[in-house]
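Here are some worked exercises to go through with the sequence and the 3D view side by side. Try each task yourself before you read its solution.

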Amino acid sequence: MALILTFPESAERSRKLASDLGIESVSTEYKVFPDGEDYVRVPVDVKDIDVIVLSDLYPDQDRKIFRTLLLLDTLRDLGARRIVLVCPYLAYSRQDRRFRDGEAVSLKTLIKIFENLGADYIVTVDVHKPQAFSGSRAECINVEPFEKYARYVKENIGEDVIVLSPDIGSLWRAEKVAKILGTSYDYFEKHRDRVTGQITMRPRQVDVRDKKVLIIDDIIATGGTIREATKILKNMGAREIHVIATHCQFLNNADKKIIDEGVKSIICTDTIECNHSKITVFDIIAEHLRRLIT
Ligand code: R5P
């Protein structure tokens, strides 16, 4: 027996996911006390049941992480059999190593708390660096949306695109999508000042003149990375620039700024719902969950 538990604002997507899996979706009781503290209650019997916790962690990451911790611990207390934590967007995933001496490796801490509180599996989509999961006790599953990206691009943009990663860290994404499309791929050299956050980018010898370019990345936050890449591509004579990214936060109207810079289309998934969420990842999340609960 299995069910999905979620928080009230994710109830609709949870219901769809549950119906895909042929199981029930239940909302936790959740409220915030007048002094700002969280309250969570599990309203059903979960004893000896596999519980999938669907927890959307953006926006307001810290609060959403904390209430997820309350829920995980409660489920363990109440005797749930296996706990599968699904965070389509895994907050803190970019701070997955110590870039400067003394820094907290936030992702490692987060995973440690999730597993210590009883998560047997942690499922997410297109995590910043999948290698960051190595050494975790919980089984961490990184759902890859790249086949869906290639299909979307083929149907809506065309196969004659050059796929570009804005930095070497995302090159593997560009490679996967380009290989499915049977097209070429490359990357820019990006440097981010770890103190100021300032980005500088250097193009490599990529021939984009009069060509369609698809920039692929995992996250768009301020949009600085994509805007910088777009400027360079325009100077190099690219004919059309499209952008595909898995998790789109679009801070301070970043999507508008990207379009104003000359990008023809922005394509995002629904890990974080936005106006550009053109590809759902819930069907591929369901495929992975089906394997876990049967
Ligand atoms: C960084 O390594 C990520 O893959 C993204 O490129 C980055 O998070 C994008 O951030 P922003 O939109 O603020 O430039």
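**Exercise 1. The disulfide**

Task: Find how many disulfides the structure holds, and say which cysteines form a disulfide.

Solution: Keep in mind that this is a predicted model.
- Step 1. The count is 1 disulfide.
- Step 2. The partners are C248 and C268, with sulfur atoms 2.4 Å apart. That passes as a disulfide because the cut-off is within 2.5 Å.
- Step 3. Now place the two ends. C248 belongs to strand β14 (residues 240-248) and C268 to strand β15 (residues 265-269), so the pair, 20 residues apart, links distant parts of the chain.
- Step 4. The angle about the S-S bond is -90°, and the link of C248 and C268 is left-handed.
- Step 5. Check the surroundings. C248 is buried because its relative accessibility is 2%, under the 20% limit. C268 has a relative accessible area of 1%, so it is buried too.

**Exercise 2. Cysteines without a partner**

Task: Explain why C87 is too far from the closest cysteine sulfur for a bond, then look at C274, which is in no disulfide.

Solution: 
- Step 1. The closest cysteine sulfur to that of C87 is in C140, and because the distance is 10 Å, a bond is ruled out.
- Step 2. C87 counts as buried, because its relative accessibility is 0%.
- Step 3. For C274, the nearest cysteine sulfur is that of C268, 4.0 Å away. A disulfide needs sulfur atoms within 2.5 Å, so C274 stays out.

**Exercise 3. Two helix pairs**

Solution: 
- Step 1. Helix α2 (residues 61-77) and helix α3 (residues 106-116) have axes that come within 9 Å and cross at roughly 25°.
- Step 2. On the α2 side the contact uses I65, T68, L69 and L72, which meet L110, I113 and F114 of α3.
- Step 3. From α6 come I226, R227, T230, K231 and K234, and from α7 come K257, I258 and E261.

**Exercise 4. Aromatic pairs**

Task: Count the aromatic pairs, and classify the pairs F7 with Y30 and F146 with Y149.

Solution: 
- Step 1. The structure holds 5 aromatic pairs.
- Step 2. For F7 and Y30 the ring centres are 5.8 Å apart and the planes stand at 80°, so this pair is edge-to-face. F7 sits in the loop between β1 (2-6) and α1 (11-21), while Y30 is in strand β3 (residues 29-32), so the pair ties together parts 23 residues apart in sequence. F7 is buried, at 1% relative accessibility.
- Step 3. For F146 and Y149 the centres are 5.8 Å apart and the planes are at 75°, so this pair is edge-to-face. Both residues lie in helix α4 (residues 146-156), 3 residues apart, which is about one turn of the helix.
- Step 4. F146 is buried with a relative accessible area of 2%, and Y149 is buried at 1%. Together with W172, F146 and Y149 form one aromatic cluster.

How values were computed: Residues numbered from 1 in each chain as written. Predicted model: local features only at pLDDT ≥ 70, side-chain atom pairs only at ≥ 80, totals over all residues. Heavy atoms only, no water. Helix = DSSP H or I, 4+ residues; strand = E, 2+ residues; numbered from the N terminus. Buried < 20%, exposed > 50% of the residue type's maximum accessible area, 1.4 Å probe, protein only. Axes fitted to C-alpha atoms, helices over the stretch in contact; angles between N-to-C directions. Contact = heavy atoms within 4.5 Å. Phe/Tyr/Trp six-rings, centres within 6.5 Å; stacked < 30°, edge-to-face > 60°.
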